[in-house]
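Got your viewer open and your selection tool ready?

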Amino acid sequence: MAGIEAWIVLAGLCFIGEMLTTSFFLLWFGVGASIAAVLNYMGFDPIMQILAFILISIVLLAVSRPLAQKITKEPPRKAASDRLIGKQGIVMEDILPDTGGVVKVEGDVWRAISTKKILKDNKIIVKKIESVKLYVVPVESE
């Protein structure tokens with residue numbers, strides 16, 4: 001049946017495939033094939049080698065899946081400007097409901113929109129960000 005060379009080739013292919021995919025899926029089949037190769041070298045029956053390959057691969061796969069999913073999950077990406085939500089700023093140019101205005105938040109100048117008229121030099125709080133405009137409210141209305 002399968003000689004030691006076949007198990008080594010299978011293990012090598014699984015390890016190389018794992019390096020290319022980084023999914024923690026093929027790694028365990030490579031480990032199972034490596035152990036089957038050792039069993040072949042020690043003279044175990046081919047049925048025992050195949051059973052060891054299957055059982056070891058499946059057990060390692062089942063045990064490691066939750067960890068692998070946690071490691072490979074991409075964190076949610078936030079825009080750098082999202083850090084401004086909830087921050088206070090100051091009005092640099094009057095904000096009118098129909099035309100907007102200009103505010104300064106954490107040293108950066110932004111176009112701002114509000115449902116209320118907010119005069120220059122008043123403090124504001126950033127509520128949300130859409131595109132390149134900040135939606136703000138006056139500090140008093142908090």
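**Stop 1: a charge over a ring.** Select Lys128 and Tyr135. The charged end of Lys128 sits over the ring of Tyr135, 4.9 Å from the centre of that ring. Before you move on, keep in mind that this is a predicted model.

Stop 2: Now select Ile95, Val103, Val105, Ile124, Val126, Leu134 and Val136. These are the residues with the most contacts inside the largest nonpolar core, which has 13 residues. Colour the strands and you can see where the core comes from: β1 (88–96), β2 (100–105), β3, β4 and β5 each give two or more residues to it. Which strand gives the most to this core? That's β4, with three residues.

Zoom in on Val126 and show what surrounds it. Setting aside neighbours within four places in sequence, Val126 is in contact with Leu84, Ile85, Gly86, Lys87, Val105, Leu134, Tyr135 and Val136. You've already met Tyr135 under the charged end of Lys128, and Val105, Leu134 and Val136 on the list of core residues with the most contacts.

**Stop 3: a buried serine.** Select Ser114, in the loop between β3 and β4. Is Ser114 buried or exposed? Ser114 has 5% relative accessibility, so it counts as buried. Show the side chain and look for two polar partners. The side chain of Ser114 reaches the backbone oxygen of Val136 at 3.1 Å, and a polar atom of that side chain lies 3.2 Å from the backbone nitrogen of Lys116. Leaving out neighbours within four places in sequence, the residues in contact with Ser114 are Ile95, Leu96, Pro97 and Val136.

**Stop 4: two loop residues with positive phi.** Stay in the loop between β3 (108–113) and β4 (123–130) and click on Asp121. Asp121 isn't a glycine, yet it has a positive phi of about 75°. With a relative accessible area of 54%, Asp121 is exposed.

Next, hop to Ser131, in the loop between β4 and β5 (133–138). Ser131 isn't a glycine either, and its phi is positive too, at about 60°. Its relative accessibility is 70%, so Ser131 counts as exposed.

**Stop 5: aromatic rings.** How many aromatic pairs does a search of the whole structure find? The answer is three. To describe a pair of aromatic rings, you use the distance of the centres and the angle of the planes.

Start with Trp7 and Phe53. Their ring centres are 5.3 Å apart and their planes are at 50°, so this pair is tilted. Now zoom out, as the pair links distant parts of the chain: Trp7 is in helix α1 (residues 4–21) and Phe53 is in helix α3 (residues 46–72), 46 residues apart. Both Trp7 and Phe53 are buried.

Phe25 has 39% relative accessibility, so it counts as partly exposed. Show the four rings together: ring pairs link Trp7, Phe25, Phe29 and Phe53 into a cluster.

Terms used. Residues numbered from 1 in each chain as written. Predicted model: local features only at pLDDT ≥ 70, side-chain atom pairs only at ≥ 80, totals over all residues. Heavy atoms only, no water. Phe/Tyr/Trp six-rings, centres within 6.5 Å; stacked < 30°, edge-to-face > 60°. Helix = DSSP H or I, 4+ residues; strand = E, 2+ residues; numbered from the N terminus. Buried < 20%, exposed > 50% of the residue type's maximum accessible area, 1.4 Å probe, protein only. Lys NZ or Arg CZ within 6 Å of the ring centre and 35° of its normal. Core = buried A, V, L, I, M, F, W, Y, C linked by side-chain atoms within 4.5 Å. Contact = heavy atoms within 4.5 Å. Polar contact = N/O pair within 3.5 Å; in protein donor to acceptor, adjacent residues only side chain to side chain.
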